[in-house]
Each structure stands twice: as C-alpha cells, then as structure tokens.
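Hi everyone, thanks for coming. Let me put the sequence and the structure on the screen, and then we can walk through them together.

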Amino acid sequence: MGREMASRIDDLVEMVPGVCAGQPVVKGTRLPVKFIYEMLDQGWSPEEIVKFHYPFLSLEVIKGLVEHRDAIESLIRDWEEGRRKRVET
C-alpha cells in the first residue's frame, strides 16, 4: 500500500480501543465501516446512505470508503481474525 493511500485511509477510518470493540469505524464516529459496506451491498447508493441514514457523514467520506474498500476490508478481516483468536483463548 502506497504512502498516499495509507494517508487517505487514515483520514477515513480509525481503530480505537474501547470504541466498538476496536473494530474499524468511520473516523470521528462510532459507526463501524462494515455497516456502510453492508448497505452498499444491499443496493443503497452513497447519496441515499447519507440522506436517509447517516446525515452526519459526507458524500466524500462514503465515496472514499468505496474507493479504498479492498484495503479497508482487509483491516476489517484482520480485526475479525484477531477478535476470534482472543475469544477462543
């Protein structure tokens, strides 16, 4: 992952211990990124997500999440795997 992409992802997503169990959330919120991806997969447009569900988000944030989905979903998978391992022990 290039330096520019890492910087952009850091502008979009954060993982904070104690906020939603440390899973990737939209930066500055308690909203898990996976909720946005689930809505997109169900057919919601970025505009509809902002207008009807999360008006505190900007369309640019949603579009950034879409643009960097592969990298962010990798973070989500890593978090889920780490969480699974912690639960099993």
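Which residues have the most contacts inside the largest nonpolar core? They are Val33, Ile36, Leu65 and Ile72, in a core of 19 residues. By nonpolar core I mean a set of buried Ala, Val, Leu, Ile, Met, Phe, Trp, Tyr and Cys residues joined through side-chain atoms within 4.5 Å. At least two residues of this core come from each of helix H1 (3–12), helix H2 (33–41), helix H3 (46–53), helix H4 (59–67) and H5. H2 gives the largest share, 5 residues. Helices here are DSSP runs of H or I with at least four residues, strands are runs of E with at least two, and both are numbered from the N terminus.

Before we go on, a word about the source: this is a predicted model, where local features need pLDDT of at least 70, side-chain atom pairs count only at pLDDT 80 or more, and totals for chains, interfaces and linings use all residues. Residues are numbered from 1 along each chain as its sequence is written, and side-chain values use heavy atoms, leaving out hydrogens and water.

How confident is the predictor? pLDDT, its confidence in each residue from 0 to 100, averages 90 over the chain, and 92% of the residues score at least 70. H1 has the lowest confidence, with a mean of 72, while H2 has the highest, at 98.

Leaving aside residues up to four places away in sequence, Leu65 touches Leu12, Val13, Val26, Val33, Ile36, Tyr37 and Ile72; contact means heavy atoms within 4.5 Å.

Now look at H2 and H4, which pack at an angle of about 85° with their axes 11 Å apart. The axes are lines fitted to C-alpha atoms, for helices over the stretch in contact, and angles run from 0 to 180 degrees between N-to-C directions. So H2 is roughly perpendicular to H4, a label for 65 to 115 degrees; under 35 is roughly parallel, over 145 roughly antiparallel, and the rest oblique. Where they meet, Val33, Ile36, Tyr37 and Leu40 in H2 face Ile62, Leu65 and Val66 in H4.

Next, H5. Its buried residues are Arg69, Ala71, Ile72, Ile76 and Trp79. Buried means under 20% relative accessible area, exposed over 50%, and partly exposed in between, with a 1.4 Å probe and protein chains only. Lys85 is also in H5, and counts as partly exposed because its relative accessibility is 49%.

Technical notes. pLDDT is the predictor's confidence in each residue, from 0 to 100.
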